[in-house]
Amino acid sequence: MTATTLVHSAAQLVRVDADGFDTVENGAVAIEDGSIASVGPTADVSREYPIENADTEVDASGQTVLPGYVDPHTHAVFAGERVDEFTAKLHGTSYQEIQSEGGGILSTVRAVRESSLAELTDHLLKHLDVMVAHGTTTAEIKSGYGLSLESERRLLKAIERANDLHPIDLIPTFLGAHAVPEGQDADSYVDRVISEQVPAIASDDLATFCDVFCDEGAFTREQSRRVLEAGLEHGLTPKIHAEEFARLGGAQLAADLDAVSADHLLQATSEDAAAMADAGVMPVLLPGTAFTLDTEYADPTLFEAVGLPVAVASDFNPNCYSQSMEFAMALACHKMRMTPKDALCGATRYAAEALALEDGTGTFADGAPGDLVVADVPRFEYVPYNFGVKTTKTVIKGGEVVYDE
Ligand SMILES: [Zn+2]
């Protein structure tokens, strides 16, 4: 017996697939056994998949149907909050000053080390509920608030558990080199990441990607190279936090190592973009970070100029406290001057490419996972245009309604 889900009568359906982007009035999507089976005008789709035969039927009249959002860069597994630092930042204390006083990442590390696997998992599940309510159906999550083998492993196990318990598909990334732990120096910590953490995490199959924070106050380009090469040796594909506060050459390193993505890129240059284009490294831009730090935004036109598409992510973490891809898309348009179409493609198909997902995730291609958002707006441009409000009304994951307002 096949199970069919039919979403029909949408004011607008946004067809994103590997070849392009178009919109259909009075659109419908049929999902069969969890995968996209038919997309087009309701009259055509319902001829093959009659409404009365559907196991699940969603009438999307007056609404817009889009592929489920893919968030390709989050630090969603953590403990503790940093709301007090938020107030300090508003009074002019910089991110680096907070960090140097033992706050920032290191305060989250202390909270994580005191938390059990069950506590970390519960905390993550609460955030995933918020993410799905804003339309996210697939998300990357990084470790990096443990900074020791034992606590990094616990974070990655929490991701693994939450992935089993929650409808959002989670892609785990090992980010042991997120910061230098208190009382250690960067070089000897990198030695430990390479000799202890990478081999154990890889052999436990707890991560797909290996990431590193290549920046001033974190890790140099050479240290970053050592971490990513160790990951590669153990089968972990490189990703990198590059050129966020300072331009240390992380984007070029990403190109050298054929990283799947280079993320942040606020200080990147056109040379960096050209090197990334040659190597096929996806730029991932995180406008929420610039918003919360009140800095300049990354420049998507650098990448457009060399023919690279751009992925958009939330960067959800205790310093950038928004789980919403709707808000990330709004910022991409309002602050980085991306078009609504480019922001949406950045939050769907290109975000999936930044995670090396090749099963059609983030698109309505035939056979792609049956993941979609029904947004309570008449056309897709309203999602970023109508900033600061939730437009997601219904979310379908693998053909099942997993969120309904
Ligand atoms: Zn990050």
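**Ring pairs and other links**

Modeller: Phe21 and Phe380 are both buried. Keep in mind that this is a predicted model. The two rings form an edge-to-face pair, with 5.3 Å from centre to centre and 70 degrees between the planes. Phe21 sits in strand β2 (residues 20-32), while Phe380 sits in the loop between β14 and α16 (382-385), so the pair ties together parts that are 359 residues apart in sequence.

A second ring pair joins Phe291 and Phe327. Their centres lie 5.3 Å apart and their planes meet at 80 degrees, so this pair is edge-to-face. Phe291 belongs to helix α11 (residues 287-293) and Phe327 to helix α13 (residues 325-334). The two residues are 36 apart and link distant parts of the chain. Phe291 is partly exposed, at 46% relative accessible area. Phe327 is partly exposed too, at 24%.

The aromatic pairs number eight. Ring pairs also gather Phe78, Tyr145, Phe316 and Tyr321 into a cluster.

Now the charged pairs. The structure holds 19 salt bridges. One of them joins Asp371 and Lys397, with the closest N and O atoms 2.8 Å apart. Asp371 lies in the loop between α15 (349-353) and β14 (372-375), and Lys397 lies in strand β15 (residues 392-397). The partners are 26 residues apart, and the pair links distant parts of the chain. Asp371 is buried, with a relative accessible area of 5%. Lys397 is buried as well, at 11%.

Thr138 belongs in this picture. Its side chain makes a polar contact of 3.5 Å with that of Lys397. Thr138 is in strand β7 (residues 136-142). Its relative accessible area is 2%, so Thr138 counts as buried. Leaving aside neighbours within four places in sequence, Thr138 has contacts that include Tyr69, Val70, Asp71, Leu357, Asp371 and Lys397.

Another salt bridge pairs Asp256 with Arg225, at 3.1 Å between the closest N and O atoms. It runs from helix α9 (residues 250-256), which holds Asp256, to helix α8 (residues 221-233), which holds Arg225. These two residues are 31 apart. Asp256 is partly exposed, at 46% relative accessibility. The pair is part of a network of salt bridges that links Arg221, Glu222, Arg225, Glu229 and Asp256.

Glu381 and Arg379 also meet in a salt bridge, 3.1 Å from N to O. Glu381 is partly exposed, with 24% relative accessibility. Arg379 is partly exposed, with 43%.

Last, the metal. The zinc ion is coordinated by the NE2 atoms of His73, His75 and His241, at 2.0 to 2.1 Å. The donor residues follow the spacing H-x1-H-x165-H in sequence. His75 lies in the loop between β6 (69-71) and α2 (83-90), and His241 in strand β10 (residues 237-242), so this pair ties together parts 166 residues apart in sequence. His75 is buried, at 2% relative accessible area. His241 is buried too, at 2%.

Terms used:
Residues are numbered from 1 along each chain as its sequence is written. Side-chain values use heavy atoms; hydrogens and water are left out. Donors are N, O and S atoms within 2.8 Å of the metal (3.2 Å for Na, K and Ca); water is not among the atoms, so sites may look incomplete. Helices (H or I, at least four residues) and strands (E, at least two) are DSSP runs, numbered from the N terminus. Buried means under 20% relative accessible area, exposed over 50%, partly exposed in between (1.4 Å probe, protein chains only). A salt bridge is a side-chain nitrogen of Lys or Arg within 4 Å of a carboxyl oxygen of Asp or Glu. A polar contact is a pair of N or O atoms within 3.5 Å; within protein, one must be able to donate a hydrogen and the other to accept it, and residues adjacent in sequence count only if both atoms are side-chain atoms. Contact means heavy atoms within 4.5 Å. Rings of Phe, Tyr and Trp (its six-membered ring) pair if their centres lie within 6.5 Å; planes under 30 degrees apart count as stacked, over 60 as edge-to-face and the rest as tilted.
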